[in-house]
Amino acid sequence: MSDIVATPQISAEPTKAFFVEMLTRDIPLEQAILDLVDNCVDGAKRAPKPGAMPFDGYWVTIQLDKERFRIVDNCGGFGTDTAREYAFRFGRPAGTPRTANSIGQFGVGMKRALFKFGRHFVVRSATSTETWSVDVDVTKWESESGWHFPWKPFAGDETIATDKPGTEIVVTDLRSEVAFRFATNNFQNLIAGLIKSKHRQFISGGLRISLNGAHLDATNLYLIEKQGLSSGADELVFEEDGQAKVTASIIVGVGISSSPREAGWYVVCNGRVILEADRRPVTGWGLVEDEANTIMIPSFHNQFARFRGIVSFDSEDSSRVPWNTTKTDVDQDSPVWQKTFARMVEMMRPVIDFLNELDADIDEHTREHSPLLDFITTSTIQTKPESLPKKSSFAAPARGAIIKGPKTVKIQYSRKIDDIDFLQDALGVSSAKAVGERTFDLVLKRQRGE
Amino acid sequence: MTASFRRIDYSLRPAKYAERRMLSEVFRRLRPFQPVEEYLYVGFGSVWFSDFILFHKALGIRDMISIEQAGKAAPRIIANKPFRIHIDFRSSSKVLPELDWKRRQFLWLDYDDPLSPAMLLDARTVAGNATSGTVVALSVQCMRSPDVTAAELDDDPNGPPALVRFRQRFGRERVPQEVQEDDLMGWPYGTVSRAMLVAEIAAALAVRNSNGKPDEMKFKTICEFEYEDGAKMTTLLGIFYRDSDVTTLEQCGFDKLEFLAPGGRPVRIPVPKLTTREFRSLESQLPLKDGAELELGEIPAAEAKFFAEMYRYLPNFAVIES
């Protein structure tokens with residue numbers, strides 16, 4: 001035993017190269033870019049403008065190609081203290097000053113993105129009172145001892161200065177796989193689509209985001225609101241001693257568009273969209289009640305294409321909202337999520353029931369003659385979920401409550417293609433469906449002696 | 001791949017005929033990479049095999065594979081097969097991954113239908129496997145996107161508009177940001193279809209090249225065609241090459257092809273509407289002597305111009321008898 005005590009301590013210190021590798025592996029490339037946009041948004045959240053457009057005047061510019069990645073914003077920048085003590089630390093030390101309702105809370109986003117993209121990065125930032133710059137050659141840094149990044153003299157220019165506070169990040173010497181993807185149109189389209197959707201609320205609030213010179217607008221969600229059909233809404237508040245309050249607002253309703261890809265749950269944390277049109281069991285689809293084995297919520301099917309659910313969590317303390325560290329999913333273990341989830345499922349059921357009724361009505365009357373379908377598709381008003389009341393019950397007309405024309409039944413049958421083609425030509429109609437309808441009408445007329 | 005041969009006799013389609021002849025000129029120029037007769041030709045032969053016959057006779061290509069998903073028409077296709085062509089009665093999605101990609105090939109994926117996600121996946125398979133010197137032509141119909149029709153036929157006035165359907169069908173990463181609804185019809189739709197094919201190929205090459213090794217595989221568009229024998233069609237034609245083969249590529253001299261349109265614009269293949277007499281009158285003056293002008297007589301100038309540009313490629317029977 002004494003021999004072991006005499007030898008030097010066993011080293012468990014991670015090598016920087018290993019650390020960098022581990023850090024960059026657990027996030028998809030596109031999410032790493034969104035993380036950097038999140039940091040810009042947090043900058044704007046520190047000094048919001050009064051009124052309905054809190055981000056009016058703020059902008060973020062992203063440029064990416066095979067050679068380099070660059071993101072610049074005018075969202076206030078951050079000071080040397082923040083840079084020295086927090087911004088470049090891996091993980092967020094206790095006592096870090098927090099931005100209220102921030103979306104970049106994990107203290108890894110920027111570093112992870114920088115290392116993920118390439119082997120050389122420069123970060124420059126200016127607040128209204130100070131400026132600083134950091135320049136890191138990652139390969140060199142990995143080979144040196146110590147965990148410091150070197151300061152570099154700040155060179156002011158027309159984009160960033162104390163009278164134009166903001167931050168610029170440039171990554172060069174891109175990793176091969178990253179460089180090739182940045183250069184493809186498909187990747188650029190993907191990023192544009194994700195930003196439009198995931199940062200929808202901030203763009204609607206006035207933030208201007210551009211990607212490779214193209215301005216990105218927000219993808220909006222609309223619900224149907226009209227006499228007799230109104231969305232359900234509820235607000236839950238989670239307060240615990242010594243912890244920041246979390247509010248969860250839930251909205252369920254019927255969407256304007258019958259496109260199945262837009263259907264499902266949208267989960268938003270502090271304004272940042274985490275899940276879009278989610279149709280997995282995580283958000284309640286295909287939920288089977290264990291004991292009786294009765295189905296509470298069916299698995300997603302196209303007849304639910306108009307289902308829209310939006311749940312928005314907000315808290316000053318961003319660690320309290322139920323998202324995972326990569327902001328790609330919810331944290332299912334969070335008590336806030338679990339309690340909200342139970343309410344989501346309750347609120348989902350009447351909408352699902354209504355959509356089942358709608359489906360049955362279409363089956364009985366066909367799409368052309370279904371009174372219920374007619375009700376929801378004519379003179380509907382598109383409403384943004386933000387403008388709905390905080391608490392209300394979902395209301396929809398019952399089947400049969402709307403009377404329209406005589407009762408009909410759908411006929412479906414099969415015949416040989418050659419025969420249908422023959423009749424199509426003979427009757428001068430353009431589809432098999434039309435052949436069926438026309439022949440029926442002709443026979444009916446003849447039999448009735450009209 | 002619908003069995004359009006039931007409706008159209010490929011060999012009577014004059015613009016398609018001209019395109020085939022132009023492709024043959026392109027293939028002929030591949031010699032710096034390898035004697036063309038040693039290339040493998042892969043096409044969708046239908047029952048006509050017009051491309052196979054031309055490439056065999058004009059270029060001496062020996063190894064040819066026809067991909068044909070015709071089901072019940074198989075016996076008829078076999079009965080019409082010229083030469084010793086290998087016919088693979090499976091879908092292109094099954095056949096393409098199994099081709100011998102170590103060999104140089106030219107592939108003409110001549111779809112009858114408008115661009116679909118499955119065609120993009122075919123393009124991806126080709127780009128993911130092609131060896132340097134392989135040429136691919138991708139032809140798609142571009143009358144109007146099926147999404148436009150679907151949006152029109154939707155009983156629901158609030159159903160998704162055509163562009164939304166189009167984006168959802170292909171996925172947001174595949175559809176260029178600037179595409180508008182009127183880009184889904186006619187020649188602009190052809191432009192979008194080709195751009196999406198090029199982007200898909202670029203995306204596949206990005207994956208392929210991201211191994212950190214030098215000597216990247218690249219794709220260069222040789223030319224693009226637009227033509228119309230009843231239905232508007234467009235073709236993207238390009239070559240895969242490694243950085244180390246740039247000189248070989250230059251030796252092919254694709255930029256010297258006679259039929260190329262100025263400024264890299266798509267080659268629009270017109271079908272001149274001329275009588276037999278007009279046809280002969282023009283033909284006797286061609287090729288034009290330097291500085292000479294065509295004697296038109298009563299021939300419309302535009303038709304004569306089309307003819308003078310394309311006569312080498314047009315079939316002799318492209319005559320409108322009145």
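Me: Which residue in strand 7 of chain B is the bridge partner of Val135(B)?
Reply: Ile239(B). This is a predicted model, where local features need pLDDT of at least 70, side-chain atom pairs count only at pLDDT 80 or more, and totals for chains, interfaces and linings use all residues. Residues are numbered from 1 along each chain as its sequence is written, chains are lettered from A and ligands numbered from 1 in written order, and side-chain values use heavy atoms, without hydrogens or water.

Me: What makes strand 5 and strand 7 of chain B a pair?
Reply: Pairing takes at least two DSSP bridges between two strands. Strand 5 and strand 7 (residues 231-242) of chain B have seven, in the antiparallel sense. So they pair. Strands are DSSP E runs of at least two residues, helices H or I runs of at least four, numbered from the N terminus.

Me: Why is strand 5 of chain B called largely enclosed?
Reply: Buried means under 20% relative accessible area (1.4 Å probe, protein chains only); over 50% is exposed, in between partly exposed. Seven of the seven residues of strand 5 (residues 135-141) of chain B are buried, so the rest of the structure largely encloses it.

Me: Why are helix 5 and helix 8 of chain B called oblique?
Reply: Under 35 degrees counts as roughly parallel, over 145 as roughly antiparallel, 65 to 115 as roughly perpendicular, the rest as oblique. The axes of helix 5 and helix 8 (residues 186-209) of chain B cross at roughly 40°. Axes are lines fitted to C-alpha atoms, for helices over the stretch in contact, with angles from 0 to 180 degrees between N-to-C directions. The two helices are therefore oblique.
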